[in-house]
Amino acid sequence: MTSVAGTHRDVFGSAPEGVWSAPGRVNLIGEHTDYNGGLALPIALPQRTTAACSARTDDLLRLHSVQAGETVEVPLGDVGPGSPEGWTAYVAGVLWALREDGLPVRGLDVTVDSEVPVGAGLSSSAALECAVGAAASDLFGLGLLGDDPARARLAEACVRAENDVAGAATGGMDQSAALLCREGEALLLDCRDGATEHIPFDLSAAGHVLLVTDTRAAHELTDGQYEQRRRACERAASALGVGTLREVDPDGLDAALARLEDDELRRRTRHVVTEIARVEQAVAALRGGELDEVGRLFRASHVSLRDDYEVSCAELDVSVEAAVGAGALGARMTGGGFGGSSIALVPEGSAEAAERAVREAFAERGWSAPSCFAVTAGPPARRDA
Ligand code: ADP
Ligand code: MG
């Protein structure tokens with residue numbers, strides 16, 4: 001029996017009907033583009049959130065998290081926008097969204113355990129939602145794990161759980177990554193129409209590694225910054241007479257920027273439009289095996305996020321500079337920013353040096369030690385047992 005199944009039996013008194021899991025993610029490139037109808041390129045992480053679950057015949061949710069260290073009961077009928085609060089919103093919200101979708105869900109006993117660091121920008125929230133969503137799909141016969149369109153529908157329910165019930169504005173990349181990514185491949189996600197394409201991503205065959213640095217920097221007072229960026233993009237799109245910044249032609253960017261009076265809107269727009277173009281370039285470079293070019297695009301993305309979009313922070317900048325200084329082809333912050341994690345594309349022979357350089361740079365500044373680990377592209381949400 002898996003350890004989460006054992007915990008489930010200890011907490012709820014009987015073995016779970018099954019065990020499901022879903023991965024965290026890192027976005028290779030295409031940051032703050034999802035809510036602009038743009039492109040993103042995530043991979044699923046090997047680190048996963050596991051949910052041991054049993055269906056109930058009533059409408060009660062009994063939820064236990066090893067990380068939260070508590071068991072909480074929530075009647076499904078009490079779930080809605082803003083309720084419940086805290087971590088259970090991410091779980092209860094999925095059941096609520098599926099029921100809102102007209103699907104026949106009932107209560108569940110759920111035990112979750114996670115290897116995805118929580119709040120590190122590696123999407124523990126979507127891993128949690130999607131692991132529970134996968135369980136609900138199987139236990140209530142919803143068929144939402146069958147093919148990519150079904151998985152996309154489940155991803156949408158998980159997005160509504162996070163947006164509406166947990167009250168966290170997210171653009172949808174995280175849930176798509178957890179449900180649609182494939183092992184050894186990156187997911188090219190077109191957020192304008194939800195179209196996806198699987199792009200081969202096997203760095204080890206090319207003698208390289210992807211090094212993740214969880215800076216462990218959590219910045220307070222950044223609440224609202226994400227919303228402000230979204231609003232700025234909406235204002236820029238409306239001033240330019242387009243639905244989203246995706247519609248701005250990169251070749252006509254200078255002319256578009258000249259039409260924006262506000263310098264902040266110009267910089268936000270420049271980031272989004274050039275970042276979407278960089279995703280296309282990165283896909284072409286990956287397909288062509290041109291990792292130097294991928295590295296160059298990582299560096300350009302970071303500069304754009306740091307200077308034009310202003311969502312980086314000292315810890316992210318230092319981790320990126322240290323990795324590049326120690327031989328990485330490129331590095332960039334990944335995820336929403338203001339803390340969280342960075343990624344570096346490093347030749348295998350320089351991986352140790354890059355990790356050491358990041359650790360030393362943090363130690364020199366008196367910052368607490370970051371967590372560094374190499375990752376490969378893992379499988380999506382699935383039933384494990
Ligand atoms: P990220 O998704 O980058 O890790 P978020 O702030 O989006 O950061 O999500 C973190 C939140 O998700 C936590 O505060 C908690 O409410 C919830 N969460 C994620 N994983 C777990 C878990 N294993 N147990 C309980 N809550 C979790
Ligand atoms: Mg999250």
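**Close-up views of a predicted protein model**

**View 1. Aspartate 308 and its partners.** Leaving aside neighbours within four places in sequence, aspartate 308 is in contact with Arg267, Arg268, Arg270, His271 and Val303, where contact means heavy atoms within 4.5 Å. Aspartate 308 sits in helix H9, residues 291–308; helices (H or I, at least four residues) and strands (E, at least two) are DSSP runs, numbered from the N terminus. Because its relative accessibility is 10%, aspartate 308 counts as buried. Here buried means under 20% relative accessible area, exposed over 50%, and partly exposed in between, using a 1.4 Å probe and protein chains only.

A note on reading these views: this is a predicted model, in which local features need pLDDT of at least 70 and side-chain atom pairs count only at pLDDT 80 or more, while totals for chains, interfaces and linings use all residues. Residues are numbered from 1 along each chain as its sequence is written, chains are lettered from A and ligands numbered from 1 in the order in which they are written, and side-chain values use heavy atoms, with hydrogens and water left out.

**View 2. Glycine 93 in helix H2.** Look for glycine 93 within H2, residues 88–100. Is glycine 93 buried or exposed? Its relative accessible area is 0%, so glycine 93 is buried. Setting aside neighbours within four places in sequence, the contacts of glycine 93 are Val79, Thr88, Ala161 and Val165. Methionine 173 is 80 residues away along the chain, and the C-alpha atoms of glycine 93 and methionine 173 are separated by 18 Å.

View 3. Most residues other than glycine have a negative phi, and most peptide bonds are trans. Serine 83 and proline 84, however, are joined by a cis peptide bond with omega about 0°. Proline 84 belongs to the loop between strand S5 (70–75) and H2. Serine 123 has a positive phi, near 70°, and lies in the loop between strand S6 (108–114) and helix H3 (124–139). Glutamate 310 also has a positive phi, about 55°, and is found in the loop between H9 and H10. Serine 123 counts as buried because its relative accessibility is 6%, whereas glutamate 310, at 35%, counts as partly exposed.

View 4. Rolling a probe the size of a water molecule over the atoms shows where empty space is left. On a 1 Å grid over the protein atoms alone, a cavity is a set of points where a 1.4 Å probe fits but cannot get out; a pocket is an open set with protein on both sides within 12 Å along at least five of seven lines, and lining residues have an atom within 4 Å of a point. The search of the whole structure finds 1 cavity of 30 Å³ or more. The largest cavity holds about 40 Å³ of space, a volume being the space filled by probe spheres set on grid points joined across faces, edges and corners. Among its lining residues are Leu211, Ser319 and Ile343. Strand S9 (208–218), helix H10 (314–325) and strand S11 (339–347) each supply at least two lining residues.

**View 5. The second largest pocket.** This pocket contains about 330 Å³ of space. Of its 18 lining residues, Glu156, Gly171, Gly172, Ser176 and Gly194 lie nearest the centre. Which helix gives the largest share of the lining? That is H4, with 5 residues.
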